[in-house]
Amino acid sequence: MLRWLRAFVLPTAACQDAEPPTRYETLFRALDRNGDGVVDIGELQQGLQSLGIPLGQDAEEKIFIAGDVNKDGKLDFEEFMKYLKDHEKKMKLAFKSLDKNSDGKIEPSEIVQSLKMLGLHISEDQAKLILQSIDADGTMTVDWNEWRDYFLFNPVTDIEEIVRFWKHSTGIDIGDSLTIPDEFTEDEKKSGQWWRQLLAGGVAGAVSRTSTAPLDRLKVMMQVHGSKSMNIFGGFRQMVKEGGVRSLWRGNGTNVIKIAPETAVKFWAYEQYKKLLTEEGQKLGTFERFVSGSMAGATAQTFIYPMEVLKTRLAVAKTGQYSGIYGCAKKILKHEGFGAFYKGYVPNLLGIIPYAGIDLAVYELLKSYWLENFAKDSVNPGVVVLLSCGALSSTCGQLASYPLALVRTRMQAQAMVEGTPQLNMVGLFRRIVSKEGVPGLYRGITPNFMKVLPAVGISYVVYENMKQTLGVARK
C-alpha cells in the first residue's frame with residue numbers, strides 16, 4: 001500500500017544520508033496539486049488518498065491543528081517539513097517504548113505486554129491482527145521503517161489509541177452518578193476538546209434524564225413506600241391522579257441542575273487522584289483507574305449530596321408541599337437542620353465501590369471476550385457493541401449496589417413518611433428485611449432497568465450531535 005512512499009519519497013535505512021528537505025519537498029510537491037506553494041486540507045485529503053496512504057479518522061484535521069503554526073488554514077513547505085520532523089521524533093519514541101527488547105522490531109508479545117500495562121488484556125493472536133495492518137513484508141514483526149511509513153500521516157504516536165476505541169463514553173448517561181470518569185489525552189486537554197466533550201456529555205445527560213424522568217420518579221416512589229401492591233401501571237396512575245401529568249417530572253429539575261457541578265468536581269478530583277497514585281509518565285492501570293474513579297466519585301458526591309436529598313424530597317412530595325427547589329431547601333433547613341442534607345450519605349458512599357468495581361470488571365470482561373472472539377479485521381468494536389457493553393456493565397453495577405441505593409433513598413425521605421421511625425443505615429436494613437424480606441431491598445428495580453435502554457440511546461444520539469455542533473473530532 002505504501003510502496004510508492006517507501007521507494008521514492010521516504011528512503012529506507014540504507015538511504016538515510018539523503019537530505020531530509022529533499023524527501024519532504026518531493027512529497028510536498030505531490031500534495032500541492034495546484035502548485036501554489038501551500039497545501040490546504042482538501043489537497044491533503046485528495047493527495048494522500050491518491051498515494052494510497054491509509055489514514056485514521058480525522059487525521060487531516062489533526063495534522064492541521066499540529067502543523068498550521070500561523071493558523072491560516074494552509075500548510076506551507078516550512079510548516080509541512082517541521083510537522084513531519086517533529087512527528088517522526090514522536091513516532092520514534094513510541095516505537096522504542098514498544099520495542100521492549102531493543103532489537104529494532106516490534107513483535108506480538110511486545111504488543112501484548114504494552115497493552116497489559118494500559119489495562120487491556122489480549123492474546124498474541126489478537127496482537128498479530130494489530131501488527132498485520134502495519135507489517136509490509138509479511139514477517140509478523142514491524143521494524144522502524146514499516147512503523148514510520150504507516151504512521152507518518154496518522155497522528156497516532158501511542159499504542160494507547162487502540163485502547164481508546166474501548167473507552168467508556170462520556171456521553172452515555174443512564175441517570176446514575178457513580179460511574180468512573182472518562183480519560184482524555186494530552187492533545188485533547190491542550191486543544192480544548194476535553195471541555196467540549198464534557199459539555200456535550202452534560203447536555204446529553206440532561207436530555208436523557210428528562211426523557212426518562214417519569215420512570216425515575218416511579219422508582220423513587222417504590223423505593224420509599226416499599227408497597228408490594230404498587231406495580232408500574234398502578235404507580236403511574238396514582239402519580240397522575242395526585243398531581244397530573246406534569247407531576248411525573250417532579251424532582252427532575254434538581255437531577256439536571258446537579259450534572260454540571262458534579263461533572264466538574266469529579267473530573268478535577270479524578271485528575272488529582274491519578275497524580276497521587278501514579279508516578280510522572282506512568283500509565284494508569286485498571287486498578288489505579290478504579291481507585292482514582294471511586295475516590296473522585298466520592299468527592300463529587302460529598303460536594304453535591306444536598307442536591308441528591310432535594311431531588312428525592314421533591315420526587316416524593318405531594319402537590320403543593322414545596323414551592324420549588326429553594327422552598328424545599330428552606331423547609332428542610334428550618335425544621336430538620338443542616339444535617340438533614342446528608343441523610344443517607346454513608347450508604348451512598350459505600351455504594352460507589354460495588355458499582356464502580358463491577359461496572360469496570362464486567363466491561364473489561366466483555367471487552368476481552370469481544371477481542372478474543374470477534375476482532376477479525378479491526379480492533380474497533382463499533383457503536384452497537386460499545387453501547388451494549390457499556391449498558392450491560394452499568395446495569396450489573398446497579399444491580400450490585402441497588403440495596404445500598406434503596407436504603408439511601410429511604411433515609412433521605414423517611415422524615416416525610418408519617419409514622420416511620422428515623423433509623424440509621426443498619427436499622428433500616430434490618431427493618432426492610434424483617435418486614436419485606438430480601439426482595440424488599442430491590443423495590444423499584446424494574447422501572448430502573450426499564451429506563452436503561454432508552455437512556456443509553458437518547459444520550460448517545462444527543463451526545464454525538466452535540467459533539468458535531470461543538471466541533472469535537474470524532475474518535
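Modeller: A helix crossing is left-handed if the near helix is turned anticlockwise from the far one by less than a right angle, and right-handed if clockwise. The model is predicted: local features need pLDDT of at least 70 and side-chain atom pairs pLDDT 80 or more, while totals for chains, interfaces and linings use all residues. Residues are numbered from 1 along each chain as its sequence is written, and side-chain values use heavy atoms, without hydrogens or water.

Colleague: How many helices and strands does the chain have?

Modeller: Elements are DSSP runs numbered from the N terminus, with helices (H or I) of at least four residues and strands (E) of at least two. On that basis, the count for the chain is 22 helices and 4 strands.

Colleague: What percentage of the 475 residues in the chain is buried?

Modeller: Buried denotes under 20% relative accessible area, exposed over 50%, and partly exposed the range in between (1.4 Å probe, protein chains only). Among contacts (heavy atoms within 4.5 Å) with a separation of 6 or more, 71% join residues 24 or more positions apart. The buried share of the 475 residues is 49%.

Colleague: Is helix 11 parallel or oblique to helix 15?

Modeller: Axes are lines fitted to C-alpha atoms, for helices over the stretch in contact, and angles between N-to-C directions run from 0 to 180 degrees. Those of helix 11 (residues 193-211) and helix 15 (residues 259-277) come within 10 Å and cross at roughly 140 degrees. Angles under 35 degrees are roughly parallel, over 145 roughly antiparallel, 65 to 115 roughly perpendicular, and the rest oblique. The relation of helix 11 to helix 15 is therefore oblique.

Colleague: How do the residues of the contact between helix 11 and helix 15 divide by class?

Modeller: In this right-handed crossing, W194, L198, G202, G205, A206 and R209 of helix 11 meet I259, T263 and F267 of helix 15. Ala, Val, Leu, Ile, Met, Phe, Trp, Tyr, Cys and Pro count as nonpolar, Asp, Glu, Lys and Arg as charged, and the others, Gly among them, as polar. The division is 5 nonpolar, 3 polar and 1 charged.

Colleague: What is the handedness of the crossing of helix 11 and helix 22?

Modeller: The axes of helix 11 and helix 22 (residues 452-470) come within 8 Å and cross at roughly 145 degrees. Residues in the contact include A200, V203, A204 and V207 of helix 11 and I458, V462, M466 and K467 of helix 22. Its classes are 11 nonpolar, 5 polar and 2 charged residues. The crossing is right-handed.

Colleague: Which residues does K467 touch, beyond those up to four places away in sequence?

Modeller: K467 lies in helix 22 and is buried, since its relative accessible area is 7%. With residues up to four places away left out, K467 touches A200 and V472.

Colleague: Where is K71 placed?

Modeller: K71 is not a glycine, yet its phi is positive, near 55 degrees. A relative accessible area of 57% makes K71 exposed. Its place is the loop between helix 4 (59-67) and strand 2 (74-76).

Colleague: What distance separates the C-alpha atoms of S388 and Y363?

Modeller: S388 belongs to helix 19 (residues 383-413) and is partly exposed, at 42% relative accessible area. S388 and Y363 are 25 residues apart along the chain, and their C-alpha separation is 9.9 Å.

Colleague: How many disulfides does the structure hold?

Modeller: C328 is buried at 0% relative accessible area, and C389 is buried at 8%. A disulfide requires a pair of cysteine sulfur atoms within 2.5 Å. The number of disulfides in the structure is 0.
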